[in-house]
Each structure stands twice: as structure tokens, then as C-alpha cells.
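Me: I would like to go through this structure with you. Could you display it first?

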Amino acid sequence: MRKCPNCNKRTIKIFNKSFLTNHKPIICENCNTKVGFSKMWTLIMTLIYVLWLIYYFIVNFIIDVNFLRFIIGLIISGIIMIFIQLFIIPYEKR
Ligand SMILES: [Zn+2]
């Protein structure tokens, strides 16, 4: 459970249905406030991820061609991004 940004109680389920979409707000069971992932944080993390993907693509397809390493890196970084979203990106009121 993660903290609600309004009442500070741990009411937000970590594995809620909207964790990959980011569009639907979650309603706190304690104070009925609509909360969602911080838009600024989501934007920053998305930008970092896109920049990293471009860098990783150049390294594995132009500098040193290695398709398998590219695929493994994509899967690992995708898992890391999901964990960052679930556990690190703060919630805000919607
Ligand atoms: Zn709350």
C-alpha cells in the first residue's frame, strides 16, 4: 500500500488496475479523494526512458551490432520502469 497524498493513510493499492495507463484516477478508500501518478514525474521518467532507448539503439545497432543484447536490455529496462512507476513516482490529487 502507498500513501494517499491527501490524508497520508496507506490506502492506495500498489498493483491497481490503472498502473500502466496512468489516465484513470484511483479513489482513496479513506477520504474519497481522486489520486493519480504525478504528471510531472511521469513526464520526466518518460523523457529519460526515451532518451535511454535512443542511446541504447545507437549503441546496439550502429556502434556495435548486437540484437540479442538490445532485446534483453529492453525487457530489463521495461521491468525497471514498471517498478519505478509502482514504487517511486509519487501520487497527486486529481
Ligand atoms: Zn486519502
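**Helix packing and cysteines**

Reply: The axes of helix α1 (residues 39-63) and helix α2 (residues 67-87) come within 10 Å and cross at roughly 170°. Axes are lines fitted to C-alpha atoms, for helices over the stretch in contact, with angles from 0 to 180 degrees between N-to-C directions; helices are DSSP runs (H or I, at least four residues) numbered from the N terminus. The model is predicted: local features need pLDDT of at least 70, side-chain atom pairs count only at pLDDT 80 or more, and totals for chains, interfaces and linings use all residues. Residues are numbered from 1 along each chain as its sequence is written, and side-chain values use heavy atoms, leaving out hydrogens and water.

Me: So are α1 and α2 roughly parallel or antiparallel to each other?

Reply: α1 and α2 are roughly antiparallel, a term for angles over 145 degrees.

Me: Which classes of residue are in the contact of α1 with α2?

Reply: That contact has 13 nonpolar, four polar and one charged residues. Nonpolar covers Ala, Val, Leu, Ile, Met, Phe, Trp, Tyr, Cys and Pro; charged covers Asp, Glu, Lys and Arg; the others, Gly among them, are polar.

Me: What about Ser77: buried or exposed?

Reply: Ser77, found in helix α2, is buried, with a relative accessible area of 10%. Buried means under 20% (1.4 Å probe, protein chains only).

Me: Which residues is Ser77 in contact with, leaving aside neighbours within four places in sequence?

Reply: Ser77 is in contact (heavy atoms within 4.5 Å) with Tyr49 and Trp52.

Me: Changing topic, how many disulfides are there?

Reply: The count is zero, a disulfide being a pair of cysteine sulfur atoms within 2.5 Å. Cys4 is buried at 0% relative accessible area, and Cys28 is buried at 0%.

Conventions
Helix = DSSP H or I, 4+ residues; strand = E, 2+ residues; numbered from the N terminus. Parallel < 35°, antiparallel > 145°, perpendicular 65-115°, else oblique. Buried < 20%, exposed > 50% of the residue type's maximum accessible area, 1.4 Å probe, protein only.
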